[in-house]
Amino acid sequence: MVAPKTEEEILLMKENGILVSRTLAEVGKIIAPGVTTLELNRVAETFIRDHGAVPSFLGYDGFPAALCISVNDVVVHGFPSDYVLKDGDIVSVDCGTYYKGYNGDSAYTFAVGEVDPETAKLLEVTKASLYEGIAAAVDGNRVGDIGHAVQSYAESFGFSVVRELEGHGIGTRMHEAPGVPNYGRKGQGPKLRNGMTICIEPMINAGSKSVYLDKNGWAVRTADHKNAAHFELTVVVRKGHAEQLSTFDFIEC
């Protein structure tokens with residue numbers, strides 16, 4: 001288990017959290033029918049570098065882009081491409097930064113134009129399940145309390161939780177211990193301690209929980225090709241509450 005962060009480290013991570021949050025908001029401004037996902041990636045990389053940071057996903061284990069951009073049935077890790085967004089699509093944008101020796105990470109699933117009611121509900125429930133998980137990320141709880149909160153909320157609406165992917169600790173490295181699954185049992189798993197920094201990121205499917213790896217070796221798709229949604233925030237475990245280091249406020253203002 002990685003040690004909790006100092007308050008000085010948390011402040012540096014907060015800077016990253018704000019930068020990824022602002023980057024997602026910049027990307028969100030141009031999401032519309034007719035825009036390619038490559039253009040979303042260009043906007044994000046330019047914004048990150050203009051603010052003195054590095055896009056931490058670019059080159060990570062060979063990943064070829066600054067953003068993971070996952071459309072419709074792609075759960076996560078989609079590549080930016082010449083794909084042209086169309087009305088009714090949903091697009092998950094996952095962003096990472098490296099700045100002053102620390103990492104930031106956040107994701108948001110955007111609706112493109114008008115989406116159908118079931119898809120709108122999927123987005124609403126997935127984001128709400130994230131906040132349910134964050135509410136459980138308090139000193140003295142366990143990782144399983146977060147997973148249980150996400151799972152029980154999402155499944156109560158008839159949606160399913162991806163098992164093969166999870167949230168994670170974060171700090172000087174993008175992925176640190178502990179892993180943070182989106183399913184689990186209360187009171188199980190590693191204990192959460194004040195000052196731990198973690199990314200909570202529900203990945204929720206409209207249909208079956210089953211997924212498969214695309215032939216490109218990165219993109220994870222739903223087995224039934226129904227839509228999936230993904231929302232992620234970085235938080236600090238605190239006594240009695242969790243403190244957000246990234247935010248959706250810049251997107252939703």
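Let's start with strand β2, residues 67-71. β2 is mostly covered: five of its five residues are buried, meaning under 20% relative accessible area with a 1.4 Å probe, protein chains only. Both faces are covered. Leu67, Ile69 and Val71 are buried on one side, Cys68 and Ser70 on the other. Helices here are DSSP runs of H or I with at least four residues, strands are runs of E with at least two, and numbering goes from the N terminus.

A word on the source. This is a predicted model, where local features need pLDDT of at least 70, side-chain atom pairs count only at pLDDT 80 or more, and totals for chains, interfaces and linings use all residues. Residues are numbered from 1 along each chain as its sequence is written, and side-chain values use heavy atoms, with hydrogens and water left out.

Back to β2. Its partner is β4, residues 90-99: antiparallel, five bridges. Pairing takes at least two DSSP bridges between the strands. Serine 70 has serine 92 of β4 as its bridge partner.

Next, the loop between β2 and β3 (74-76), where asparagine 72 lies. Asparagine 72 is not a glycine, yet its phi is positive, about 60°. At 17% relative accessibility, asparagine 72 counts as buried. Now histidine 77, in the loop between β3 and β4. Its phi is also positive, about 65°. Histidine 77 is partly exposed, at 26% relative accessible area; that class runs between the buried limit and the exposed one, over 50%.

Now the open sheet. Three strands, order β6-β10-β13, antiparallel pairing. The edges are β6 (160-161) and β13 (228-230), each pairing on one side only. β6 joins β10, residues 203-205, through two bridges. Serine 160 stands opposite asparagine 205 in β10.

What packs on this sheet? Helix α3, residues 117-135, touching β10 and β13. Contact means heavy atoms within 4.5 Å. The direction of α3 makes about 35° with that of β13. Axes are lines fitted to C-alpha atoms, for helices over the stretch in contact, with angles from 0 to 180 degrees between N-to-C directions.

α3 also packs against α4, residues 143-155, at about 150°, axes 8 Å apart. The two helices are therefore roughly antiparallel, a class for angles over 145 degrees. On α3, the contact uses Val125, Ala128, Ser129, Glu132 and Gly133. On α4, the residues are Ile146, Ala149, Val150, Tyr153 and Ala154.

Last item: a cis peptide bond. Alanine 177 and proline 178 share it, with omega about 0°. Proline 178 sits in β8, residues 176-180.

Terms used
Parallel < 35°, antiparallel > 145°, perpendicular 65-115°, else oblique.
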